[in-house]
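Here are my notes on the model, point by point. Have the coordinates open while you read.

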Amino acid sequence: MSDLVDLLRSQESRIREEFSERTGRADVADAAQTMGEDCGAMLEAVAAYLAQDDGQEAAARWARQLSGQAPKAGLSQGRVLAGLSCFAQAVRHQAVVQLDHQVVLLAALDDLDEAVDALRRAYLAIDSGEPEISLQRQALALVADESSDFVCLATRHGKPFYLNRAGRELVGLEEKSELSSTLHDYHSDASWERLRDEAVPAVNRRGRWEGECQLRHRKTGALVDVQTRILLVRDPATGKSGSMAIVHRPGGKQREEALAEALAESEARKHAILESALDPIVTIDHEGVITEFNRAAESVFGYPRNTVLGTRPSEVLFPPASMAGQQIRIDRYLEAGEGSMLGKRTEVTAVRAGGETFPAEMAMTLNYEHGKPLMTFFIRDIGDHKRAEEEQARYAAELERSNHELEQFAYVASHDLQEPLRKIRTFGDRLASSCSAALDPTGRECVERMQTAAERMQSLIQGLLSLSRVTTKGQDFVPVDLAAVAAEVVSDLEVHIQQVQGRVELGRMPSIMADPLQIRQLLQNLIGNALKFRREDEPPVVRVHARFVGDRDNRQARGSPADEQCRLVVEDNGVGFEEKYAERIFGVFQRLHTREAYPGTGIGLAICKKIAERHGGSIAACSTPGQGAVFTVLLPAVHRKPKG
Amino acid sequence: MDALPRSFTILMADDDDEDCLLVRDALALNVIPHDLRTVPDGVELLDYLDRRGKYEDRRQSPRPDLILLDLNMPRKDGREALGELKADRRWRQIPVVVLTTSTSDDDISFSYRSGASSYIAKPSTYQAWVELVGTLHKYWFELARLPT
């Protein structure tokens with residue numbers, strides 16, 4: 001639009017320069033007269049002028065002026081058209097636009113007498129309030145231009161003055177180029193003779209003619225067979241015959257061939273797509289019968305295409321059980337043309353020719369051919385995917401089972417190992433007490449050492465047993481008040497705390513869902529350790545506190561406040577340890593000190609780790625030697641299920 | 001209390017000979033007049049009580065005043081045997097002390113639920129055995145009153 005405005009402005013200024021002295025703004029029609037030869041430019045000037053003035057009034061005045069004048073013959077049609085079109089766009093008034101269309105139609109005539117006359121009539125029609133007529137004409141003009149047939153208007157003597165777009169294409173005429181003065185240029189010699197000698201007289205006599213013609217392409221000389229119909233157009237006002245409308249409909253052999261070719265191309269394209277598809281594509285028609293079965297379908301299902309065409313999917317592609325419901329839905333779908341299946345991926349069980357079933361993913365689309373629905377299935381054999389999934393599940397189950405067995409083994413082994421050990425200890429005891437008189441000091445020392453070793457072995461076994469019990473004897477998760485449990489643990493340790501002149505400070509702690517006994521054991525081990533690994537020069541101070549921490553990553557990933565974690569911290573001012581041992585200390589029987597320095601089996605932290613893990617959490621430690629240690633346990637606030 | 005120390009009959013059901021030996025030893029060490037009878041499993045325990053098979057002669061199978069019952073035994077374990085003898089009105093009132101290596105909570109609660117009078121884990125030292133047997137004797141045969 002702005003381009004147009006710019007164009008109009010530049011034109012206007014040009015016009016002004018040329019005519020300002022003589023015409024002034026208000027009298028453009030005079031300028032038009034003066035322009036004479038260059039009527040197109042005159043019309044452009046008018047358009048430019050109208051663009052900024054009262055369009056209707058100016059147009060009317062211009063039309064009146066024009067109707068009294070006969071612009072010179074030989075006026076460029078294209079320029080007239082361009083000018084009028086410009087004019088119409090610029091005026092932007094309904095009535096004038098209608099006027100414009102008539103003008104366009106009629107001014108396309110080189111017979112400008114007719115054009116001027118028509119323009120006058122059109123103007124009068126608007127003046128007398130008959131816009132419908134011009135509306136109809138406008139519509140007809142549009143239809144003619146959009147038609148795929150050859151539509152030509154000619155004088156009653158057979159001189160063409162309008163040719164639509166399709167017509168121009170058929171005879172190889174550029175959009176803007178001028179029409180020939182004779183129909184001969186667009187037809188084969190034979191056709192032209194026939195039109196001249198037979199058709200034109202017939203039209204003038206009877207009002208219409210129908211027959212076959214051959215159009216000739218002006219550039220290539222190619223001939224196209226057409227069905228032709230020519231009608232006589234009478235002036236509604238005078239009843240006089242005015243012009244002829246010539247309609248050629250491409251037909252005959254060429255048309256069929258062209259259509260067939262286009263169809264074949266489209267088919268070939270479709271076929272290529274279907275055949276190169278990696279997944280089976282199966283189409284059924286409105287009766288539910290398979291009409292398309294691509295190569296991938298052949299190889300996946302194991303049927304040659306021609307044995308499957310004409311059958312129903314439920315007969316060959318899917319086992320009856322799996323397809324019974326599916327078929328009903330397909331039927332309903334084909335009937336109603338809609339349903340829940342469209343576009344959705346569904347998992348189905350499909351069956352191969354050999355009877356082997358396999359899991360498949362299926363999507364469906366619906367389209368219409370000759371008004372009847374066709375349904376296309378895109379099927380994907382997800383057997384491999386499924387197998388991989390199953391394999392993974394089996395592996396996970398196997399791992400779980402093996403873990404479980406290992407725990408069971410640890411439990412049973414440690415349980416059963418205790419029996420003979422108990423005997424060794426008991427009878428060693430008996431030897432030391434009842435028969436000590438019979439032993440010399442060396443013998444007594446040997447027995448004593450054996451006893452110590454046996455006792456130690458028993459604590460190791462008991463440690464293993466406790467470790468395995470974390471999972472084998474775990475209890476259900478219930479709300480656990482960490483503060484209360486910590487207070488109980490401290491109360492249990494009270495005597496010991498006093499002995500070492502220590503202090504345990506309990507901070508704020510929330511409630512979480514957990515196994516209460518295990519939480520107690522966890523706190524007992526951690527607080528016990530904190531007291532045990534104290535520095536000689538300083539009474540132990542242990543601080544225990546816990547709070548919820550929003551794990552932001554977790555929350556973003558899983559989007560649930562249920563993934564909030566409780567961070568439980570046990571800090572001490574004890575001997576600490578080197579950072580490199582931070583992971584090792586959670587291993588079974590891992591110790592950083594001699595038994596003489598700090599007694600213990602090295603199972604306590606392993607149990608803590610296992611408890612944390614069973615709760616879906618984790619435990620970590622950090623420390624610097626001599627600077628105390630901080631143990632941090634992360635426990636989910638809410639659990640779905642205990643692990644193990 | 002009887003003027004003369006009465007010899008109490010203790011029936012110990014345990015497949016572990018050594019534990020039986022230890023109990024016998026400890027009884028002797030505590031100078032307790034005793035009649036300790038042992039059976040190796042639950043089947044024989046019930047045979048004994050029912051005086052079946054080799055326990056037919058009632059002189060060889062006096063009614064026990066106290067039963068020491070191990071839980072893990074072949075053929076019929078202590079749990080089954082406990083259930084059966086507590087279900088039988090003839091033996092229901094004989095106190096049963098479970099004496100086992102198991103310290104499992106399940107076993108403990110099962111035993112008490114099934115009518116055991118006490119549950120003791122087998123000690124790991126000789127000294128503890130001696131003390132245990134002394135304590136058992138003192139409790140069941142000196143402090144507690146048993147049905148005659």
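1. B:Arg51 is partly exposed, at a relative accessible area of 25%; here buried means under 20% relative accessible area, exposed over 50% and partly exposed in between, with a 1.4 Å probe and protein chains only. Its phi is near 55 degrees, a positive value in a residue other than glycine. B:Arg51 sits in the loop between helix 2 (42-50) and strand 3 (66-69) of chain B. Helices (H or I, at least four residues) and strands (E, at least two) are DSSP runs numbered from the N terminus.

2. Before going on, a word on the ground rules: this is a predicted model, with local features needing pLDDT of at least 70 and side-chain atom pairs counting only at pLDDT 80 or more, while totals for chains, interfaces and linings use all residues. Residues are numbered from 1 along each chain as its sequence is written, chains are lettered from A and ligands numbered from 1 in the order in which they are written, and side-chain values use heavy atoms, leaving out hydrogens and water.

3. B:Val31 also deserves a look: phi there is near 50 degrees, again positive in a residue other than glycine. This valine belongs to the loop between helix 1 and strand 2 (34-39) of chain B. With 69% relative accessibility, B:Val31 counts as exposed.

4. Is B:Lys76 buried or exposed? Buried, at 17% relative accessibility, and it lies in the loop between strand 3 and helix 3 (78-87) of chain B. Its side chain makes a polar contact of 2.9 Å with that of B:Glu84. (A polar contact is a pair of N or O atoms within 3.5 Å; within protein, one must be able to donate a hydrogen and the other to accept it, and residues adjacent in sequence count only if both atoms are side-chain atoms.) Leaving out residues up to four places away in sequence, B:Lys76 touches B:Asp41, B:Gly42, B:Val43, B:Leu46, B:Ala81 and B:Glu84, contact meaning heavy atoms within 4.5 Å.

5. Now for chain B as a whole. It has 5 helices and 5 strands, and along the sequence they follow the pattern β-α-β-α-β-α-β-α-β-α. Of its 148 residues, 52% are buried. Among contacts between residues at least 6 apart in sequence, 64% join residues at least 24 apart.

6. Check the packing of helix 1 (residues 17-29) against helix 5 (residues 126-143) in chain B: the axes come within 8 Å and cross at roughly 65 degrees. (Axes are lines fitted to C-alpha atoms, for helices over the stretch in contact, and angles run from 0 to 180 degrees between N-to-C directions.) Residues of helix 1 that meet helix 5 include B:Leu22, B:Val23 and B:Ala26, with B:Trp129 and B:Val133 among those on the helix 5 side.

7. Over in chain A, the buried residues of helix 18 (residues 482-492) are A:Leu482, A:Val485, A:Ala486, A:Val489 and A:Val490. Seen down the helix axis, they fall within an arc of 140 degrees, so they line one face of helix 18; the arc is that of the directions from the helix axis to the C-beta atoms. At the start of helix 18, a side-chain oxygen of A:Asp481 reaches to within 3.1 Å of the backbone nitrogen of A:Ala483.
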